[in-house]
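Keep the sequence and the 3D view open side by side as you read.

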Amino acid sequence: MSNIHGKAYAMNTVSPMKPWKTYILRLGFFVWNHYKPIGDGLVQLSFIHFARWVIVPRYAFPRLSEQQPKDNLQYDYLFFFSNFNGTWNQYIDAFSAVLFSGLNLIWRWSEKFPGSVPVTPFKNFIVRGQVETDYYYTAYPHATTNDVKAAHRVQSALDDFAKLTEGMPPAKFADAYLQFLVKVQGDLGETGEAPVGT
Amino acid sequence: MANQSGSIYGLTILSPIKDDPNAEISPSLAIRMYLQTLPVDGGGPFGRVSNTHMARLVVLDDVVYFGMPSCEEHLKSQYLIFESNFDGELEPYLTQLATEARDEVHNIWQHCIGYPGVQNVDAFIAYMKRCQVETTFYFADVNDKTVQQTLKALQTQSAVASFIEKNQGKRSEELQPAFVEFMRRLNSAPRPKPGSTKGKELTDELL
């Protein structure tokens with residue numbers, strides 16, 4: 001299945017919005033881009049590598065030749081693309097439980113959005129708007145978002161430790177090594193194959 | 001600019017797909033069938049365009065109708081969606097795509113309206129820019145590390161865990177030379193390739 005590669009899941013959804021409502025959503029995104037509450041929430045969830053919302057106005061679907069039929073749409077469209085770890089159900093459950101207010105502010109402008117709580121109608125809405133991925137690539141398929149963040153902390157700690165202990169007497173090295181272990185011990189989880197079902 | 005978060009660029013492309021009612025295999029199906037044959041690991045096109053963190057290709061057949069009281073409407077073209085998250089700027093990335101993955105790019109986009117080929121890289125870049133749609137809100141959890149830095153860090157993480165495990169209980173007179181040797185090996189080790197699933201095996205060989 002192309003939606004999944006290693007520990008990453010590629011989700012795509014599309015939903016229609018009345019054009020006047022997209023102005024409000026654009027204003028909301030502008031504010032979030034500058035004050036970051038949605039971004040902070042996504043960082044706290046810590047299982048999303050990359051995500052994006054894209055508003056495509058009804059007149060902005062690319063038309064590259066006169067032979068291409070001209071679209072005549074009434075709605076603007078909100079696309080959502082996400083690269084996350086875990087199962088689809090875990091993802092939507094976490095979104096609904098943790099980011100419900102932010103999600104409501106984003107999708108409430110879409111037609112027939114039922115709200116992100118309770119979760120069952122929200123899942124039905126997502127299923128209806130989901131488009132399957134035909135090809136999915138990730139440069140580090142065996143690593144989750146938490147693995148990536150932990151690996152960078154280990155790299156940074158190791159660089160500091162190697163620099164600090166260069167030419168150090170063995171007795172002092174042992175103490176510094178112990179401190180290094182304490183610092184990285186929580187970040188040494190192993191990457192590898194995803195469990196079945198993710 | 002919402003297309004970027006830190007040093008990561010979020011590219012969104014919508015390329016209209018040709019409509020050929022007389023074709024034995026429709027262009028959209030031809031794209032889908034070809035994509036099924038492409039390797040998803042480092043042997044695929046994005047393994048060679050090595051600053052790609054994650055990318056996807058999606059054939060969008062139509063927009064979605066959610067039911068009354070909204071209006072039912074349809075697209076008059078199908079679209080190929082290309083979504084990519086990569087390091088750096090757009091034009092060098094598209095240039096790399098056209099040169100490092102030229103066969104795959106051609107085999108995919110030849111079914112799209114207005115595609116000029118990849119022989120003329122400038123024309124290809126101009127075409128892709130015409131198909132680009134601006135990202136409205138972009139989120140990257142780690143937005144200050146390149147693909148190479150991340151692959152190196154994952155290798156380091158695995159190697160450090162193995163080193164600690166194998167050197168438990170050693171006296172500092174033995175531990176320090178072992179660490180110096182470990183760092184020498186780690187720094188000279190080949191880096192895991194993008195898309196590779198062999199990180200742990202490489203670390204085992206290293207140690």
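## Ground rules and the run of elements

Helices (H or I, at least four residues) and strands (E, at least two) are DSSP runs, numbered from the N terminus. With that in hand, chain A reads β-β-α-α-β-β-α-α-α-β-α-α along its sequence, which comes to seven helices and five strands.

This is a predicted model: local features need pLDDT of at least 70, side-chain atom pairs count only at pLDDT 80 or more, and totals for chains, interfaces and linings use all residues. Residues are numbered from 1 along each chain as its sequence is written, while chains are lettered from A and ligands numbered from 1 in the order in which they are written.

## Domains and overall shape

Domain bounds here come from an automatic or database domain assignment. Chain A is divided into domain 1 (4-129) and domain 2 (145-187), and 40 Å separate their centres, taken over C-alpha atoms. The C-alpha trace of chain A spans about 75 × 35 × 35 Å along its principal axes. Chain A has a radius of gyration of 22 Å, whereas a compact globule of 198 residues would have one near 16 Å; the radius is taken over C-alpha atoms, and the globule rule is 2.2 Å times the number of residues to the power 0.38.

For chain B, the assignment gives domain 1 (4-131) and domain 2 (147-206), with C-alpha centres 37 Å apart. Ten residues of domain 1 of chain B are in contact with six residues of domain 2 of chain B, where contact means that C-beta atoms, placed from the backbone, lie within 7 Å. On the domain 1 side, helix H2 (45-48) and E3 of chain B each supply at least two residues.

## Sheets, within and across chains

Strands pair if DSSP finds at least two bridges between them. Five strands form an open sheet in the order E1(A)-E2(A)-E4(A)-E3(A)-E5(B), with antiparallel pairing. Strand E1 (4-5) of chain A and strand E5 (137-140) of chain B stand at the edges, each with a single partner strand, so one side of each has no neighbour in the sheet.

In E3(B), Arg56(B) stands opposite Tyr136(A).

## Where the chains meet

The contact takes 79 residues from chain A and 69 residues from chain B. On the chain B side, helix H6 (residues 147-166) gives the largest share, twelve residues. That side divides into 37 nonpolar, 21 polar and eleven charged residues; Ala, Val, Leu, Ile, Met, Phe, Trp, Tyr, Cys and Pro count as nonpolar, Asp, Glu, Lys and Arg as charged, and the others, Gly among them, as polar.

## The buried interior

Which residues have the most contacts inside the largest nonpolar core? They are Phe79(A), Leu80(B) and Ile81(B), in a core of 104 residues. Such a core is a set of buried Ala, Val, Leu, Ile, Met, Phe, Trp, Tyr and Cys residues joined through C-beta atoms within 7 Å.

Leaving aside neighbours within four places in sequence, Leu80(B) is in contact with Ser15(B), Ile17(B), Ile31(B), Leu57(B), Val59(B) and Cys112(B). Buried residues make up 42% of the 198 residues in chain A; a residue is buried if 20 or more other C-beta atoms, placed from the backbone, lie within 10 Å of its own, exposed if 12 or fewer, and partly exposed in between.

Note on methods. Two residues are in contact if their C-beta atoms, placed from the backbone, lie within 7 Å.
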